[in-house]
Amino acid sequence: MTDLTKLTAAELAGKIHAREVSSVEVTQAHLDRIAEVDSFVHAFLHVDADGALAAARAVDDAVGRGDAPASAIAGVPLALKDVLTTKGIPTTCGSRTLEGWIPPYDATVTRKLREAGVPILGKTNMDEFAMGSSTENSAFGVTRNPWDDTRIPGGSGGGSAASIAAFEAPLAIGTDTGGSIRQPGAVTGTVGVKPTYGGVSRYGLVAFSSSLDQAGPCARTVLDAALLHEVIAGHDRMDSTSIDAPVPAVVAAAREGLRGDLTGMKVGVVKEFGGDGYQPGVQRSFEAAVAQLRALGAEVVEVSCPNFTYALPAYYLIAPSECSSNLARFDAMRYGLRVSDDGAHSAEEVMSLTREEGFGAEVKRRIMLGTYALSSGYYDAYYGSAQKVRTLIRRDFDAAFEKVDVLVSPTTPTTAFKIGERVDDPMAMYLADLCTIPANLAGNAAMSVPSGLSDEDGLPVGLQIMAPALADDRLYRVGAAFEAAREPVLDRVPDLTRGGFVPAGALSPAEAAK
Amino acid sequence: MPKISRDEVAHLAKLARLAVTEHELDVFAGQLDHILDAVAKVSEVAAEDIPPTSHAVPLTNVFREDVVRPGLTQQQALAGAPAAEEGRFRVPRILGEEQ
Amino acid sequence: MTAVADLMDYAEVLERFDPVLGLEVHVELNTDTKMFCGCANLFGGEPNTHVCPTCLGLPGSLPVVNGKAVESAIRIGLALNCEIASWCRFARKNYFYPDMPKNFQTSQYDEPIAFNGYLDVTLDDGEVVRVHIERAHMEEDTGKSLHVGGATGRIHGAEHSLLDYNRAGVPLIEIVTKPIVGTGDRAPEVARAYVTALRDLLRALDVSDVRMDQGSLRCDANVSLMPKGASEFGTRTETKNVNSLRSVERAVRYEMTRQAAVLAAGGHVTQETRHFQEADGSTSSGRTKETAEDYRYFPEPDLVPMAPSAEWIEQLRATLPEMPAVRRDRIRVEWELTAEELRDLFNSGAVELVEATVAAGAKPGEARGWWVNFLAQEANTREVELTALPITPRSVARVIELVGSGELTNKLAREVVKGVLAGEGEPDEVVEKRGLKVVSDDSALLAAVDAALAAQPDVADKIRGGKVQAAGAIVGAVMKATKGQADAKRVRELILQRVAEQ
């Protein structure tokens, strides 16, 4: 009996539609896997077995009737980052503030998934309110990287990425504001995509930084990500920032890419990323990836984007500013946590005490930073200046995309760091987003695709591909071609069922050459 | 010379309705100062003639029709309320003035 | 101990200071739905039944702009002679308050949709004051709080509060004047006249119910005093809770006298929000804030900019109705009114009623006469608005018609109108029930005349002797005998005729 959890979403969808296997079987197999390994991965905050199986049964019934499938991935189960609202299912955003909160409405992404016949296995762990690069900021415990249980799975969407890498789900949804889909993808050896801003509806996506947030697909293969991308993308009248244009043909592009030929594709290596300050193993993996792209027929040149060095500081002004405003609604008055409501405290005091208790340190830091950056007297120097840097970054991208079709860089400067290593040093933590941030600021599409394992520590490394806004399809063509030329990285992830994690170690030269 | 003083941090916490502890004030002040140092460099390149970008997506005039759409029932609205009374959200006594 | 504030004598205030006014008016639009979501925009209703994730500020919710509200905003701007922004955005105004679900208000900051306009305001005596408009912008209303446990139902001393968010998100237009200077002792009057004129304009545009008593029109009055000869404005106060036109006038006047007393005593006017007290026309200090609010405005990232095209603006301009000022002129000319008559007409609030009465067949002069005089007095006595009187323009036109045909004298007509107001029915019904018709039957009148002459024989002699005015006593007697239902003029004629015959 094939291990259903080892198949790709594309394979599963095919088998379900061909009646070789039922969606219930597939969904149950994943629920069993979750039951087996999630006590040590801790990717999930909530598992909805009943709901997932009911949805699976509905797909099976439709298949039985001979109905056309609701989507290309109908019946394939999925894990949903706990930052998207799900009606009737708790949505915590990884925060004590929303512990036990049950939304009365579905996010548009959630609705689309349901309409597509995708059973939702449960909600995945994340850094609180999507702020972080390690999932250590979750109020409900850290998620462990399936590659090494002493290490972080990345963040803020560590739960979604880990669930993929642990074979608990073939598909997951993450959200990316400064790299929160891509960086976890890189450090877990999975594919993660941030669509063009406005490509996927934000209605029901609990806001962290409104002008940067985007929901996107997480999967083990580029084609799987493309299939999921096409289900969740599209115009939504409930979101004023939603693009009213056809979804880029990402599945077709992925299939095209799988043929392995990038002739005619111009690739730019971002000069300002990589090199000193990057983990040598990561750098080497990146260089090998670039060589691979050349070997596939792409023309590779170096491109300078000088203002990218200002991207991180600009991001750490814009995002906290928007979040300080977005999180103001959590005031204990209408929903969520409320403390000290004993008649002796005023509403203002209850608000302040509740927020103090309900929010973790990183969230509080960013709220205060954002409050500062927007303050009268400081606005021009901080928030105002950051918005100008944003313009400069877009100009750099525009100039670069005159010369090349896509840009590449390492997704993140290091492999998965140790749990606890950077928690007390915010700036060190922020550096994980160095390469991913520019695409968010410009609103462009970007992907992280596994580029192999670092030869120093045997941990996954990601290749970041960036495309102009609305050209998401280019990511998938390049990503798929690249993936097809490499050994699947997840073939080498430790077997969690052998009583826990196997610590990673340096690779032998032979392994490193794969 | 720190960019941000402990008092300023206390003021920010107040503005943001965060009842931070004394210890947190010390820790946050140091961290925020460090972060502000790093992010302050944005003003180096933020020349007068560069227009700010507030929106990543080049859309304008997104409007909806003035047509009523179904919303939530009173029960749904109050479902998550920490306290409710007579169909309304119950909150502790409010000190401040309406604006 | 709270001392009653010292107030300077009004005349003295004006000798020493120049008042400067700033009026901020908030208008609730009468769109079918809220500003950023599809919830119904309805007054009243069970609490929290016109809400959705967006206007409740639930996590993950997003706003979408109501196009009709933008239309109304532009029309208001055009009617106020403003420039309409070719490109503008919404902004977040950040502060915490339980009646604001997001703890920020989506508003407009430095990019209002309309700016730099004016409204010409005609005062009672016909003087016209041009009030310059700084801006008109779009924003959303807050929810409503009920304060429980305090003595007055107001926030002071309340134990807890109850929030209803039906009103949260209702579209508001905020209209702000530039500082209004040079009004001197007429400042309170100008303030009232401005709000009245603005209300009339908004009503003509049909963008709002403009009911101050229901909160769809709200006014905050900013007042400051400049010592004579000074070049800088003084510190201003903002007075809220001004719930009627009369209150606007009273509040401004009170603030002028209060601030003058403070300044004259060598003190400083505190920049603060004050509350108007209906009961005695005074203003009281609001709670002092420790620090001024820093709203940390920034462009609303969840909404995209608005760039109304020139075509759209012209289309909307074409939908503007006759503006009140233009209408006034037209009426003055059409009905041949003097400036005084025009003033009385508009002040009585009777214009539409008169127009409707004319439409029902009456002559403008007569229609106007009835509404502006007798009916206005009736309204005053009953302490209601003219429009609230239980008599229709059609009925008034009928009464006028009856007088015109001689079936009623003016005196009888007034009785009939009183009957209609008392709920006795339409004019013809009242005439019938009360038997108020003029006695026009000469033989009946002659009988009464004869009886009266017989009762006062010396009068006939006096008349014959040349003292025609002596007939008055007989007229009176006949009127009494006919219970006032005789046409006095006819009676007099008959008396003289009778006397001449004898």
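This is a predicted model: local features need pLDDT of at least 70, side-chain atom pairs count only at pLDDT 80 or more; totals for chains, interfaces and linings use all residues.

Colleague: OK, how many bridges join β5 to β10 in chain A?
Modeller: There are 3 bridges between β5 (residues 191-194) and β10 (residues 445-453) of chain A, and the two strands run antiparallel. A:Lys194 sits opposite A:Ala446 in β10(A).

Colleague: Which helix packs on the sheet there?
Modeller: Helix α16 (residues 472-484) of chain A does, touching β5, β9, β10 and β11 of chain A. Its direction makes about 10 degrees with that of β10(A).

Colleague: And what's the strand order of the sheet?
Modeller: It's an open sheet of 11 strands in chain A, ordered β1-β3-β2-β4-β6-β5-β10-β11-β9-β7-β8, with mixed pairing. β1 (44-47) and β8 (299-303) of chain A each have a single partner strand, so one side of each has no neighbour in the sheet.

Colleague: Switching topic: at what angle do α15 and α16 of chain C pack?
Modeller: About 125 degrees, with the axes 9 Å apart. That makes α15(C) oblique to α16(C). The contact has 9 nonpolar, no polar and 1 charged residues.

Colleague: Last one: how many residues of chain B are in contact with chain A?
Modeller: 46 residues of chain B, against 56 residues of chain A. On the chain B side, α2(B) gives the most, with 7 residues. By class, that side has 33 nonpolar, 9 polar and 4 charged residues.

How values were computed:
Residues are numbered from 1 along each chain as its sequence is written. Chains are lettered from A and ligands numbered from 1 in the order in which they are written. Axes are lines fitted to C-alpha atoms, for helices over the stretch in contact, and angles run from 0 to 180 degrees between N-to-C directions. Helices (H or I, at least four residues) and strands (E, at least two) are DSSP runs, numbered from the N terminus. Angles under 35 degrees count as roughly parallel, over 145 as roughly antiparallel, 65 to 115 as roughly perpendicular and the rest as oblique. Ala, Val, Leu, Ile, Met, Phe, Trp, Tyr, Cys and Pro count as nonpolar, Asp, Glu, Lys and Arg as charged, and the others, Gly among them, as polar. Two residues are in contact if their C-beta atoms, placed from the backbone, lie within 7 Å. Two strands pair if DSSP finds at least two bridges between them.
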